[in-house]
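Biologist: I would like to learn how to read a protein model. Could you take me through it step by step?

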Amino acid sequence: MNKIIYSIAIILLMNMTSHSEIFYSLNVSIFPEKGILKGKASITSDKKENIKINLKGFKVYGIKEREFYTVSPEKTLSFSFEKQFKEPLITDNYIYLIKNWYPVVNSLAVYSLTVELPQDFTAISEAENIKERYSGNRKTVSFFFPYPTEAVHLIASRNFTVKEKYINGIKIKTYFFKEDKGLSDTYIRKAADYINLYQKLIGKFPYRTFSVVENLFPTGYSMPTFTLIGKQIIKYPFILNKSLPHEILHQWFGCSVYVDFQNGNWSEGLTTYLSDHFLDKDRASYRKNLILKYLAFVNKKNEYPLKDFVYKRNTVDEAIGYGKAAMFFHYLKFYLGDEVFLGSIRDFYLKNRFKRASWEDIETSFEKISKKDLSKLFDRWIKEKGMVKLDIQDISSYIDTDGLFKTKIKLDKDNDTVVSTHIQSYTDKYTFLIKKNIETLATEDVPLKLALDKEYNLFRNLKEDEIPPVLYFFLGDNSPVIFVEEKNKSLYKAVIDMFPTKKILFPRDFKYSLIKNKNVVVLGKNNPVLKRIIGKTIDENGTFIKGIKNPFSERKSIFVINTNSKEKLLFLIKKINHYGSYTFVNLEKKPEKTDSKKGIEVVLNEPAVVIDKRGFISFKSLLKQIKDMNVIYVGEQHTKFSHHTVQYQIIKSLYQEGVNIAIGMEMFGRRFQKYIDMYIHGKITEEDMLKKTHYFTQWKYDYNLYKPILRFAKKHRIPVLGLNIDNKIVEKVARKGIDSLSKEDFEKIPKKVDFSNLNYKNYLLRIFGIHSSKALKNFDFFYQSQVLWDETMAETISDYLKKNKNRTVIVLAGNGHLAFGYGIPDRVKRRLTVKQAIILNGEQPEKGKADYFVFPSDIKGISSKKLGIYVEETDKGLKVESVIKTSVAEKAGIRKGDIITAFNGQKINSLSDLKILLISPPEKSSITVLRKGKKITLTVLFR
């Protein structure tokens, strides 16, 4: 409701150029039995001033009507007036004088009001002090209010009971009708609580007294020093919990800082934001409802900017002046922060007390406290129509070379729009503030889902899946398509008459084209039209309205209304107006809301599909089931980034659950354990670790595949075990058999080796037949090398667990080493009694092959760069044997026979040196070669 009461005529009379102090002495006599008011007015000023006076509707004596009147310290304007009230504003028992009940001036004035009326009336007006004098059956009441104000109001009744209490230096009073006097203590206590709350937020309460006054009419108004609440609603809890704090806050904004209506009414939006919104338990949902209301009632034809909002005449004004304005104040708080926001509001209040203030004054305070130029932001919100622009133009996720998961997003938004963004992983949630139109967001987990503005900090258009079929859209559409059975047309007449430009159709007229992109009203739960749209009628009893998404429109709804009684239908229609944010209202049940998406959601990576022996399970269930294991084997296809993200996620999640883990890696030789430990404890760099562990000779796969795992382990000092045997031993056995090993090599292999598993041998035979090369012709030798490989890793794991019984080892190895338990798991179990779980990535499920099968969605990773050359290590450096056509190297000018000596200024002695530098080089790099004895530096461009 409009909280500050002025007629349109008063608003049009406002002149914002006056800075003088106007003094208005007003003496009135009221005769309730006749409905007559007589008065005398004296107006003066502390300096010469031309003023306008609204004399319309009055008999005036002592002055002639003119456009301007001049007042000054030497010139007092005095006149008498009389008014007969035709409306029931003055009755035998009640006086209600709000609009144009005396000749109002166009300027702020300090009023001295004296009222003569029957002695059994109790009167209230703007006042910090009230005095009464009695004479016969009449009394005179003087109201003392020492501050400039826009108008004075008068309420009086023979039926008031007054109660008052001093709380924290403020006199809090109630003027309640005798039948409601039992509410006084509760209202006084709640009023004190709200005043205390807002004093902490904004500053000292403007006045020494505050009164809650019961009104004969259904109102919710606020005037300086008191609020006026209708008798019809004063008992409802929402008045105490929502309306009362709203009206009390108006004492600061609207009743002491006044509104410059010529430049837009900011007061309702600010009060809505700091009361209704601030006190709501679910503020994000409250903000979303403000947006839904705007979308339902405001369109291109009736939309206007905030600067043109004056007061509430209809739901369009409410959606703009209250809703959009409240959302702007929220965005200022979100954009600038709580401290700046409250500091700005306090500054605005202190600077503009008892003055008319505009949006420009608010902007001035916010710019002062924030020390920012906010002119473009204010102009767009205040002077322009519409909503905030926000959409996703492009989005992708990948694993970067720094070992982090990255999400790159390009937004269509204004430059000063800040967007709250949430990314959901398997176990964690990440929050970002996006300020630029193109941003890259880094997470430590696989990003599964992104949501923009899920808290509704922005006043923006909503996506289809964010819009539930709320009743606002029923109330806000003047021309829906209505389907009614002919026999029920009279029963539902009250609904049909709600819509001035409706289109009424019968079920026989139904066509799908008629409901496309339309709001549809279906009258009757058994209306045959429903079967054509949703395949069934509505299984619900009673008088109700139910909102359903229109399947033939992205943003429209279908509203089914049912009743068997015209009287009940009228009551439902009345009730709907108070339940616009709901999707179902039944006179016999609690109203309901339909869930909808929160924020603009995008799926970045589908969660991995996990299967155990019982069927599909969630990733969280997998983690819960394996957390108590001694050894957890997580298989991989070596070149799949997605498989390594599953390994990483298991490691990270179990670590965060408090499991005391170690990581065993097939990728590292156990003879280099010292250097792995040094890296984990920060004693050597990643580059040194790769060199000292001979990563690129021990293991041929891209280090970027494993980087997130190694960096996480280092960050949290998680032990990493090199499991593998010396690759030269494996290669020698694969070519010449185990008997070809030297005595020195024999000392490096496990003492206990089991070749007896024929199932494993047959399994490897199939693999050998598919993948054997010219260098590996003898399967028996290949089998021996694989068993040595498996036994070494099993021995390393077992030895570690014997010394570290409180650890859980997570083993990362190729699927072939784990399937059916043949490779590593059975060999660990032979050495040690342990609880184990086998997890295979991307493998066809077979009985007994694994405990869990995981199928992750593909994720893009940035691989190490390739030059496109074949080289040979020489004493002088790396000799280029050949250059691949159209490769980076060819484009850079590298030739066959060149000796590579440096890359980006770092000396190259081996192929491993070059591979390490190619893990994550700058896009523009340099390479130095020797060509015919001369050093040449070439530019290499990686794209």
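Biologist: Let me start with one side chain: which residues does Trp 266 touch, not counting residues up to four places away in sequence?

Modeller: First, a word on the source: this is a predicted model, where local features need pLDDT of at least 70, side-chain atom pairs count only at pLDDT 80 or more, and totals for chains, interfaces and linings use all residues. Residues are numbered from 1 along each chain as its sequence is written, and side-chain values use heavy atoms, with hydrogens and water left out. Contact means heavy atoms within 4.5 Å. With that rule, Trp 266 touches Phe 253, Gly 254, Val 257, Tyr 258, Val 259, Asp 260, Phe 329, Phe 348, Ala 357, Ser 358, Trp 359 and Ile 362.

Biologist: How do I read a nonpolar core, and which residues have the most contacts inside the largest one?

Modeller: In soluble globular proteins, nonpolar side chains tend to be buried together. A nonpolar core is a set of buried Ala, Val, Leu, Ile, Met, Phe, Trp, Tyr and Cys residues joined through side-chain atoms within 4.5 Å. Buried means under 20% relative accessible area, exposed over 50%, and partly exposed in between (1.4 Å probe, protein chains only). Here the largest core has 120 residues, and Phe 253, Trp 266 and Ile 561 have the most contacts inside it. Its largest share, 13 residues, comes from helix 6 (residues 315–336); helices (H or I, at least four residues) and strands (E, at least two) are DSSP runs, numbered from the N terminus.

Biologist: At what angle do helix 6 and helix 8 pack?

Modeller: Axes are lines fitted to C-alpha atoms, for helices over the stretch in contact, and angles run from 0 to 180 degrees between N-to-C directions. Helix 6 and helix 8 (residues 359–370) pack at about 10°, with axes 12 Å apart. Helix 6 is therefore roughly parallel to helix 8, a label for angles under 35 degrees. On the helix 6 side the contact includes Phe 328 and Phe 329, and on the helix 8 side it includes Trp 359 and Ile 362.

Biologist: Is Thr 886 buried or exposed?

Modeller: Thr 886 is exposed, because its relative accessibility is 61%. Thr 886 also has a positive phi, of about 60°.

Notes: Parallel < 35°, antiparallel > 145°, perpendicular 65-115°, else oblique.
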